[in-house]
Amino acid sequence: MDFAPTPRTADLAARLETFMTEHVYPAEAVYDAQIAANANPHEQPQVMRDLQRTAREQGLWNLFMTHGDRGAGLTNLEYAPLAGIVGRSIIGNEAINCSAPDTGNMEILAMYGTEQQQKEWLDPLLACEIRSAFAMTEPAVASSDARNITSTIRRDGDHYVLNGRKWYTSGVLDPDCRLIIFMGKSDPEAPTYRQQSMILVPTDAPGVEVVRDLPMFGYHDRLGHGEVTFTDVRVPAENMLGAEGDGFAIAQGRLGPGRMHYAMRAIGMAERALELLCRRAQTREAFGGPLAEQGVVREWIGRSRMEIDQIRLYTFKAAWLMDTTGNASARTEVAAIKVAAMEVAHQVVNRAVQAWGAAGVSDDTVLARLFSLTRALQVADGPTEVHLRSIALRELKKYDAEAGVA
């Protein structure tokens, strides 16, 4: 395994570092201020539109897209370190059109969408002319097990009729959101993993209602996390993604790159937190000297450095496996990095919060926001325990024969 950056990645990394320093970090406070001043807090602030225009001009756009010829043409391993750079800022990914849930939705459309679906939805998403949402999680069931999904997709002539209640449908409150990818059961009598389907739903379809915006640990994101009801929503049959019953397979196909994106963003957050921890330790004095002279603080810093570098290498390995052997062969590594990266990021942020004291739990730094985000993402997009379960099952399978398991 060779994780040395390719010449193109090294060039993009240098340009991204400059872009972040000169444009993104200075815009963070402006971004929050403009959201607070907007009549609609979910509307994209002007400073983000300016950042995106600059990113386009500098060729820092859609770097995540590895499918077809619509993206930058990078491999997963080439993109991984770039995701870590922009992940240092809450607004970094959005600035280069590499933010969730659009990245996953664009990958689904690129892999499974028809030519017409790609023209109608994928191309505008890649141009950031519209935004999208992904509706899978339901409040009434444990949605980490997709077999529990109760929302329905019923064929009626040339249309499908959708019913269900979803929540934490991220991105749906953005006024630019035009598309919802909806997952539901199309055939409850089919084999277990052929019961679910995914279908494309325009946000203005009659029967789609955003009930409320849900916070995460008290924070309301600009894109919003909506609770959404679908009541007899009719969409054309050609809006089906793939064939009926492909929903579970499509969801699995979406996971590999998405997990790597999450992991590298987490590493970026951890790097930002470690930087803040070190600067605080050098400048804050207590008990006769700077915090950096305290043994426990030095241990925090040392452990943070090791943990971040370890999970970065593990994530690079997962990306390399996806590129060389395919997503299915990298399932253990893909599941593991989602768990480990968020745990490491949360631990490093927690140490930085402790070093900053009262300022760490306020909104005077980004730490409180990073704390809530890294904790919430241990639940979102597949909770930690589900990934650990799948890793354990694959590990145990190696010993089935000697244990006499059929």
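Strand β3 (residues 159–170) pairs with strand β7 (residues 225–236) in the antiparallel sense over 9 bridges. Strands here are DSSP runs of E with at least two residues, helices are runs of H or I with at least four residues, and both are numbered from the N terminus. Two strands pair if DSSP finds at least two bridges between them. Within this pairing, L162 has V233 in β7 as its bridge partner. The model is a predicted one, in which local features need pLDDT of at least 70 and side-chain atom pairs count only at pLDDT 80 or more, while totals for chains, interfaces and linings use all residues. Residues are numbered from 1 along each chain as its sequence is written, and side-chain values use heavy atoms, with hydrogens and water left out.

Strand β3 also pairs with β2 (residues 152–156), again in the antiparallel sense, over 5 bridges. D156 has H159 in β3 as its bridge partner. The two strands form a hairpin with 2 residues between them, and G157 in the turn has a positive phi of about 65°.

F217, in the loop between β6 (208–213) and β7, has a phi of about 55°. F217 counts as exposed, at 57% relative accessibility; exposed means over 50% relative accessible area, buried under 20%, and partly exposed in between, with a 1.4 Å probe and protein chains only. N62 has a phi near 55° and is found in the loop between α2 (46–57) and α3 (76–86). With a relative accessible area of 5%, N62 is buried.

N62 is also among the residues that N97 touches. N97 sits in the loop between α4 (92–95) and α5 (102–112) and is buried at 2% relative accessibility. Leaving aside residues up to four places away in sequence, N97 is in contact (heavy atoms within 4.5 Å) with W61, N62, F64, M106, L125, L126 and C128. P101 lies in the loop between α4 and α5 as well, and the peptide bond from A100 to P101 is cis, with omega near 0°.

Helix α11 (residues 367–376) has 7 buried residues out of 10, so this helix is largely enclosed by the rest of the structure. The buried positions are L367, A368, L370, S372, L373, T374 and A376. Their cover includes α7 (247–283), α9 (331–356) and α10 (358–361).

The chain as a whole has 13 helices and 9 strands. Its radius of gyration is 22 Å, close to the 22 Å that the globule rule gives for 406 residues, so the chain is as compact as a globular protein of that length. That radius is taken over C-alpha atoms, and the rule is 2.2 Å times the number of residues to the power 0.38. Along the principal axes, the C-alpha atoms fill a box of roughly 75 × 65 × 45 Å. Buried residues make up 52% of the 406 residues. Of the contacts with a separation of 6 or more, 74% are between residues 24 or more positions apart.

The chain exposes about 18,100 Å², of which carbon and sulfur atoms supply 52%; accessible areas come from the Shrake-Rupley method with a 1.4 Å probe, and for residues only the protein chains shown count as cover. There are 41 positive and 52 negative side chains, and the centres of the two sets lie 3 Å apart. Lys and Arg count as positive and Asp and Glu as negative, without His and the chain ends, and each charge is placed at NZ of Lys, CZ of Arg, CG of Asp or CD of Glu.
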